[in-house]
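Student: Could we go through this one together? I'd like to start with the overall numbers and then get to the charged side chains.

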Amino acid sequence: AGAVYRIYDGKERSWVRLYAGRWEFLFILHGRLQVYYNDETVELAADKNNFLVYKPGFSYHFKAFADTAYIYVHFDLRDDIAEQVKFFETLDGLGGFTLENPLLRRVKRDLLEIIELESRQNDNWESLAMLLAETVLLRVCTSGSVCGTAAPKLLKAYSLLNDMKDVPIKS
C-alpha cells in the first residue's frame, strides 16, 4: 500500500486515470480542468467545484488547461474509513465539491504538507501523508459541502433533508 502525491502547474495536459484500484482526489489551486466519463463532462475550476474525490473501480479521462495548478493524490483507504466516506456522485464514482474558507484553507494546508512530506521522505513520511490524506477526505465528505455540479433542486433537497435530520418522523 502506498500513495503518490503530486502538484502540477503550467502546461495543458490530458490523461486517463491509471490507478483505478485506489481512492483518489484532486484539488485545483488555480485554473480549470475537465473530467470525462462515458458521454458526460464535469468542469472544475479554482473558484467552483475545486475538489474531486473518486472511488476505486472507475476510469476517467482528464484535461487540464494551460496555467492550471492542482494537487493529485491516490492512496489505499482503510476499510473502516471508506465506510464513512459518503458523497453525491456527479458522475459514477466521482464527487465534485466547492470548498470555501475555512475548510478551503485547511485542506490546502494539509495537501501542501503532504507534498512537503513526500519531498523530504523522512522516516514514516508515507504513513503520515496517508493519514493526512484520509483526514482531508473525511473533512471534505463530512463538512456538509455538497457537489458543486449537482442540479440546484437536488442541492436544495439535500440541504432540507440535512436540516431535518433530528426531526422525529410522524405517521
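Student: What share of the 171 residues counts as buried?

Tutor: This is a predicted model, where local features need pLDDT of at least 70, side-chain atom pairs count only at pLDDT 80 or more, and totals for chains, interfaces and linings use all residues. Residues are numbered from 1 along each chain as its sequence is written, and side-chain values use heavy atoms, with hydrogens and water left out. Buried means under 20% relative accessible area, exposed over 50%, and partly exposed in between (1.4 Å probe, protein chains only). Of the 171 residues, the buried share is 42%.

Student: How many salt bridges turn up in the whole structure?

Tutor: The test asks for a side-chain nitrogen of Lys or Arg within 4 Å of a carboxyl oxygen of Asp or Glu. The search of the whole structure gives 8.

Student: Which residues are linked with D110 in a network of salt bridges?

Tutor: R109 meets D110 at 3.2 Å, N to O, and R139 has its closest N 2.7 Å from an O of D110. That network is made up of D110 with R109 and R139.
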